[in-house]
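The sequence and structure are shown first.

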Amino acid sequence: MLTKPKPNSKFSILFTFLLLLSFLIFVARSSDVAVEAGSEEELDDLEQLLAVDEQLQEERPEQQSEAETVSKAQRIVVELNGDNTKRLIDGNEYVMVLGYAPWCARSAELMPRFAEAATDLKEIGSSVLMAKIDGERYSKVASQLEIKGFPTLLLFVNGTSQSYTGGFSSEEIVIWVQKKTGASTIKLDTVDEASGFLKKHHTFILGLFEKSEDSSGHDEFVKAASLDNEIQFVETSSIDVAKLLFPNLKTNNVFVGLVKTEAEKYTSYDGPCQAEKIVEFLNSNKFPLVTKLTESNTVRVYSSPVKLQVMVFSKTDDFESLAQPLEDIARKFKSKLMLIYIDISNENLAMPFLTLFGIEDAKKTVVAAFDNNLNSKYLLESDPSPSNIEEFCFGLAHGTVSAYYKSQPIPDNQNASVVAVVGRTFDEVVLRSSENVLLEVHTPWCINCEALSKQVEKLSQHFKGFENLVFARIDASANEHPKLTVDDYPTILLYKTGEKENPLKLSTKSSAKDMAVLINKELKWKDQSGKDEL
């Protein structure tokens, strides 16, 4: 139950309101302020406002609502506009800018995390100025900052920008900014410091060095920290601190280990204390055993150095029974492949992948894989049981699983003048056939494909009865084959007997008559003037 404010708190509330009103008036008139003094005065006002927030919180902590906490965090972020952007960026060594649009859903998700990161950075004494700009309202200024989409995060160092490459939680933003603007590692000397650290950080890599900077491998650890922009590096010379952060610690000597919040919480590094090797260890272990794909981590997942990625598309309820077996499988193939879970009901995430396999209407669990090094894809076509998934992963890790190429069902081509080819029949009908094959490659969304299909129909009638010539077509949107590589649609390919590996590409701009002449020439037939006119 809320208590009544103290008598003197009424004055504090009134003072806060007047100060807030003054701040708003100040922002509205900021274009009239001298450039030299503008930046300092804005920041002074901001500091005063935050000081009042802190005073009020001390006076009435029981009334500090979550909304007020968020509001305070958001006020730490300076709002850029057409008048103050240049002087704030030029007048501060470090400025982190969030470009957003009011209608952008991802901007709306990111803004409170950005504000929370700003609060955390202020608390640890960071000198970076956190700012945001409405890129739609101030489109000219946003364009000058090279904000081309929403949301966009940019760090300005002495006026020069660099793109943000970290994650999108508040913790990840803080880590990235700190590494770019301050020390690449955090030093913890006492157990109290370590306890406070654990309250805010859930994933980090620990380095224990008895004599800190004089210890063997310390420089390599710091170098590794500067090479990675995602994970917080922590160093200490205290055994007690190290054991609090890493309870499984088994040594008092130099030690490096990774801490995470999932099933595999503590992972020790047993390699040489070399920067590149530490980063390699980190890249192979920083993701959970089974990573759930979200809108915010897609970039990190796709850029993982583990390029063989096994994706399990499943409903939340169905995935629960697979979660533990998948973690066990992931342990067996760690560093060789990466297991990823995608909620099949999330169309924005699942559909782009399922479309690549031609199974957009999938309702049950699907297990597929991508080798991003080979640009190949694979599909588990048997029941997705734990044993079958493990066998599938074993085959992928050892290169014994055949790449998957999508195909429509085998069609009935009886009495068809133009034969329908699908992925599964491409070898038989086109490549291994003893006949010459003229193949039309089309897609349903192709504007010019329908007109060309009519020409092919005419050609098939014109050459009806000719031996060793088959007219065929394939829908490239629903069928694939490793020997069929087409860059544009429609495409006409003539596969001549004995030369099937090097088909002749015909111009799709030619008339049916010109194509007939070319076919006669290539197949060395005499012109059949008695045939139907084209």
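## Terms and basis

In the residue classes used here, Ala, Val, Leu, Ile, Met, Phe, Trp, Tyr, Cys and Pro count as nonpolar, Asp, Glu, Lys and Arg as charged, and the others, Gly among them, as polar. The model is predicted: local features need pLDDT of at least 70, side-chain atom pairs count only at pLDDT 80 or more, and totals for chains, interfaces and linings use all residues. Residues are numbered from 1 along each chain as its sequence is written, and side-chain values use heavy atoms, with hydrogens and water left out.

## The largest cavity

The structure holds two cavities of 30 Å³ or more. A cavity is a set of points, on a 1 Å grid over the protein atoms alone, where a 1.4 Å probe fits but cannot get out, and its lining residues have an atom within 4 Å of a point. Grid points are joined across faces, edges and corners, and a volume is the space filled by probe spheres set on the points.

The largest cavity contains about 170 Å³ of space. Its lining consists of 17 residues, and nearest its centre lie Ser284, Phe287, Pro288, Lys334 and Leu337. Two or more lining residues come from each of helix 11 (275-285) and strand 13 (338-343); the largest share, three residues, belongs to helix 11. Helices (H or I, at least four residues) and strands (E, at least two) are DSSP runs, numbered from the N terminus. By class, the lining has eight nonpolar, five polar and four charged residues.

## The largest pocket

A pocket is an open set of points with protein on both sides within 12 Å along at least five of seven lines. In the largest pocket there is about 560 Å³ of space. Glu172, Thr203, Lys286, Pro288 and Arg300 are the closest to its centre among the 23 lining residues. The elements giving two or more residues to this lining are helix 7 (170-181) and strand 11 (290-292). Six nonpolar, eight polar and nine charged residues make up the lining of the largest pocket.

Pro288 is listed both among the residues nearest the centre of the largest cavity and among those closest to the centre of the largest pocket.

## Helix packing

Two packed helices are described by the angle between their axes and the distance between the axes. Axes are lines fitted to C-alpha atoms, for helices over the stretch in contact, and angles run from 0 to 180 degrees between N-to-C directions. Angles under 35 degrees count as roughly parallel, over 145 as roughly antiparallel, 65 to 115 as roughly perpendicular and the rest as oblique. A crossing is left-handed if the near helix is turned anticlockwise from the far one by less than a right angle, and right-handed if clockwise. Contact means heavy atoms within 4.5 Å.

The axes of helix 5 (residues 105-123) and helix 7 cross at roughly 50 degrees and come within 8 Å, which makes helix 5 oblique to helix 7. Their crossing is right-handed. From helix 5, Leu110, Arg113, Phe114, Glu116, Ala117, Asp120 and Leu121 make the contact with Ser170, Ile173, Val174, Val177 and Gln178 of helix 7. This contact divides into seven nonpolar, two polar and three charged residues.

### Further helix pairs

Helix 9 (residues 218-227) packs against helix 11 at about 50 degrees, with the axes 8 Å apart; the two are therefore oblique to each other. Helix 9 passes helix 11 in a right-handed crossing. Here Glu220, Phe221, Lys223, Ala224 and Leu227 of helix 9 meet Ala275, Glu276, Ile278 and Val279 of helix 11, giving six nonpolar, no polar and three charged residues.

For helix 13 (residues 316-332) and helix 15 (residues 386-397), the angle is about 25 degrees and the axes are 10 Å apart. These helices are therefore roughly parallel to each other, and helix 13 passes helix 15 in a right-handed crossing. Leu322, Pro325, Leu326, Ile329 and Lys332 of helix 13 meet Pro386, Ile389, Glu390 and Cys393 of helix 15. By class, this contact has seven nonpolar, no polar and two charged residues.

## Backbone geometry

Most residues other than glycine have a negative phi, and most peptide bonds are trans. The bond joining Phe150 and Pro151 is cis, with omega about -10 degrees; Pro151 is in the loop between helix 6 (139-144) and strand 4 (152-157). A cis peptide bond also runs from Tyr489 to Pro490, with omega near -5 degrees, and Pro490 belongs to the loop between strand 18 (469-475) and strand 19 (491-495).

Asn158, although not a glycine, has a positive phi of about 50 degrees. Asn158 is located in the loop between strand 4 and strand 5 (160-163).
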